[in-house]
Amino acid sequence: MDRPGDRALSPSLRAAFGPGATLPAVEPPAGATPRTALPVRLGVPRHLPAHLDRLQAGAAALGRPTAWLDEAAEELTYWLKRHPAQEAALRLELHLDLRLLDARLEPLPVASSPYRLAPMPHPMGNLRADPLAPHKGLSGPWRHQALSEAWRRGAEDALLLWPDGTLAESAIATVALERDGRLILPPAGGRVASVTERLDLAAWAGERGWALDQAPIPLEACEGGRLWCLNALRGLWPAAIP
């Protein structure tokens with residue numbers, strides 16, 4: 001899109017660099033905020049249309065119209081071309097009351113090794129029947145609480161468990177158990193729907209010779225296999241319970 005270099009951004013897009021970049025004097029609304037994150041490499045955002053669809057699905061689940069998002073997405077594409085990043089994390093949030101798409105470019109995170117998971121009950125109890133649970137940002141601001149508890153225990157992330165003791169997800173990723181040539185993921189109900197699980201995991205599993213499956217995973221079953229985490233920013237990486 002060819003535009004003059006001094007053109008102002010659309011009022012429906014707020015774009016900035018660095019963690020915590022915000023519009024002065026405007027506090028993000030509390031509660032449900034559709035959000036997503038994706039990697040940018042060599043100036044190209046990976047699966048951007050799918051992540052924008054994810055935001056729209058979250059808004060639709062709240063019954064909120066987002067006709068303005070198309071204009072904001074167009075401006076976002078232009079902004080990314082104007083500021084090509086070799087490697088970055090692009091974090092997107094929809095502030096629905098402000099009719100605003102908030103975009104931030106940050107350093108791309110890398111999973112530490114070892115990546116230790118601290119098992120704990122899911123802070124929200126049982127979300128498996130909650131229609132908002134698959135939409136990132138709609139089930140409450142509990143992830144920082146879970147991560148803080150995991151760090152207090154000397155782990156990098158929280159391994160969240162449903163009330164029946166089966167695996168749900170981590171605080172920041174989908175979890176899976178590799179065992180006997182299969183990669184087993186928890187059933188989709190109640191956990192955040194992952195763009196990378198839908199679009200990338202089949203190829204990753206094929207490269208490693210894994211068959212994909214979904215089934216409840218009791219915590220004790222993890223002793224007989226290898227844990228993996230996956231998300232859009234970090235890809236697929238091994239994890240362990242200390």
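**Reading the features**

Mentor: Let us begin with L42, which is exposed at a relative accessible area of 66%; exposed means over 50%, buried under 20%, and partly exposed in between, with a 1.4 Å probe and protein chains only. This is a predicted model, in which local features need pLDDT of at least 70 and side-chain atom pairs count only at pLDDT 80 or more, while totals for chains, interfaces and linings use all residues. Residues are numbered from 1 along each chain as its sequence is written, and side-chain values use heavy atoms, leaving out hydrogens and water.

Trainee: Where does L42 lie?

Mentor: L42 sits in the loop between β2 (35-41) and β3 (44-45). Helices (H or I, at least four residues) and strands (E, at least two) are DSSP runs, numbered from the N terminus. The phi of L42 is near 55°, a positive value in a residue other than glycine.

Trainee: What is the phi of D180, and is this residue buried or exposed?

Mentor: D180 is not a glycine, yet its phi is positive, at about 55°. It occupies the loop between β9 (174-179) and β10 (182-185), and D180 is exposed, with a relative accessible area of 75%.

Trainee: How do the axes of helix α1 and helix α2 cross?

Mentor: Axes are lines fitted to C-alpha atoms, for helices over the stretch in contact, and angles run from 0 to 180 degrees between N-to-C directions. Here the axes of α1 (residues 48-61) and α2 (residues 69-82) come within 12 Å and cross at roughly 145°. Contact means heavy atoms within 4.5 Å; L48, L52 and Q56 of α1 meet L69, D70, A73, L76, T77 and L80 of α2.

Trainee: What is found in the loop between α1 and α2?

Mentor: T66 is found there. T66 is buried, with a relative accessible area of 13%. Not counting residues up to four places away in sequence, T66 touches Q56, A59, L94 and L96.

Trainee: How many disulfides does the count give?

Mentor: A disulfide is a pair of cysteine sulfur atoms within 2.5 Å, and by this rule the count is zero. As for individual cysteines, C222 is buried at 9% relative accessibility, and C229 is buried at 0%.

Trainee: Which peptide bond is cis?

Mentor: The bond from S113 to P114 is cis, with omega near 5°. P114 belongs to the loop between β5 (100-106) and β6 (117-121).
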